[in-house]
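Work through the exercises below with the sequence and the 3D structure at hand. Each task is followed by a solution in steps.

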Amino acid sequence: MSSKNKYNPQPESSRSTYILGGLAVLVIAVLVIGGVIWQSNRSKPRNDGYGGVQNSEVQVALQADGVVLLGKPDAATTVDLFEDPMCPYCAELENKNGQELAQSIDDGKVAVRYHVLNFLDRLSASGDYSTRAVAASECVAETGDAVAYSAFHAALFSPANQPKENGSSDHTNEELAQIARDAGASDAAAQCITTGASVEQARAHAEAGRQALAASGATGTPAVVKDGTVIDALSNENWVSQL
């Protein structure tokens with residue numbers, strides 16, 4: 001066989017390989033960076049900087065079944081929100097949409113019925129953290145201070161305060177009371193939390209909430225229900241504005 005029939009790699013071939021390889025690396029880098037930016041924007045709080053409820057016309061009330069109703073009396077619509085203070089996805093929802101929801105409550109566009117549950121007691125270090133947090137929520141709601149309730153609710157689910165599932169510690173009643181004070185709750189609310197006066201009542205209310213959640217058709221928390229329809233609040237970042 002003559003030498004001219006043999007494969008003889010050309011310099012152009014190597015350059016093309018390098019160019020194609022470089023383009024592939026560039027495309028991968030763009031996809032990775034784009035994915036990081038998308039994920040960052042996806043988890044960014046909406047209406048960041050607004051804070052909690054501010055409108056003095058907003059009212060809060062602890063209802064007989066343990067549901068906490070927060071909103072203006074003439075709110076355009078009402079939704080049910082089911083959550084557990086130990087639930088990380090509930091914290092994700094609060095941290096992403098909580099401020100946006102607070103503004104909608106202030107504007108009278110929506111009122112919220114909070115069903116605070118305790119099914120994650122078993123994953124808390126104390127064994128009853130969710131129940132005690134439910135009780136603390138009720139202690140603050142009973143004072144009728146909507147601004148303090150909104151701030152305390154946000155604080156319960158903040159990354160700084162929410163205990164981790166299967167973690168080594170959670171908050172004592174005294175620490176929950178301090179979180180409530182920091183949110184603007186009254187001394188009466190703090191005393192109620194510290195003494196655990198509402199814990200047994202909260203346990204019964206949380207069970208009622210669990211049954212209401214099951215009846216709603218939702219499969220877990222967080223769950224947002226409007227007029228009997230479960231809203232996909234974690235996947236649809238525009239759910240508040242679409243209420």
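Accessible areas come from the Shrake-Rupley method with a 1.4 Å probe. The model used here is predicted.

**Exercise 1.** State how much accessible surface the protein chain has, and what share belongs to carbon and sulfur atoms.

Solution. The total for the protein chain is about 12700 Å². Of this surface, carbon and sulfur atoms account for 53%. As for burial, 42% of the 243 residues are buried.

**Exercise 2.** Describe the order of helices and strands along the protein chain.

Solution. Start with the count: seven helices and six strands. Then read along the sequence, which gives α-β-β-β-α-β-α-α-α-α-α-β-β.

**Exercise 3.** Work out how α3 is oriented relative to α4.

Solution. Two packed helices are described by the angle between their axes and the distance between the axes. For α3 (residues 129–142) and α4, the angle is about 165 degrees and the axes are 9 Å apart. Angles over 145 degrees count as roughly antiparallel, so α3 is roughly antiparallel to α4. Their crossing is right-handed. Residues of α3 that meet α4 include Tyr-129, Ala-133 and Val-140; on the α4 side, Ala-148 and Phe-152 are among the partners.

Technical notes
Residues numbered from 1 in each chain as written. Predicted model: local features only at pLDDT ≥ 70, side-chain atom pairs only at ≥ 80, totals over all residues. Heavy atoms only, no water. Helix = DSSP H or I, 4+ residues; strand = E, 2+ residues; numbered from the N terminus. Buried < 20%, exposed > 50% of the residue type's maximum accessible area, 1.4 Å probe, protein only. Axes fitted to C-alpha atoms, helices over the stretch in contact; angles between N-to-C directions. Parallel < 35°, antiparallel > 145°, perpendicular 65-115°, else oblique. Left-handed = near helix turned anticlockwise from the far one by under 90°. Contact = heavy atoms within 4.5 Å.
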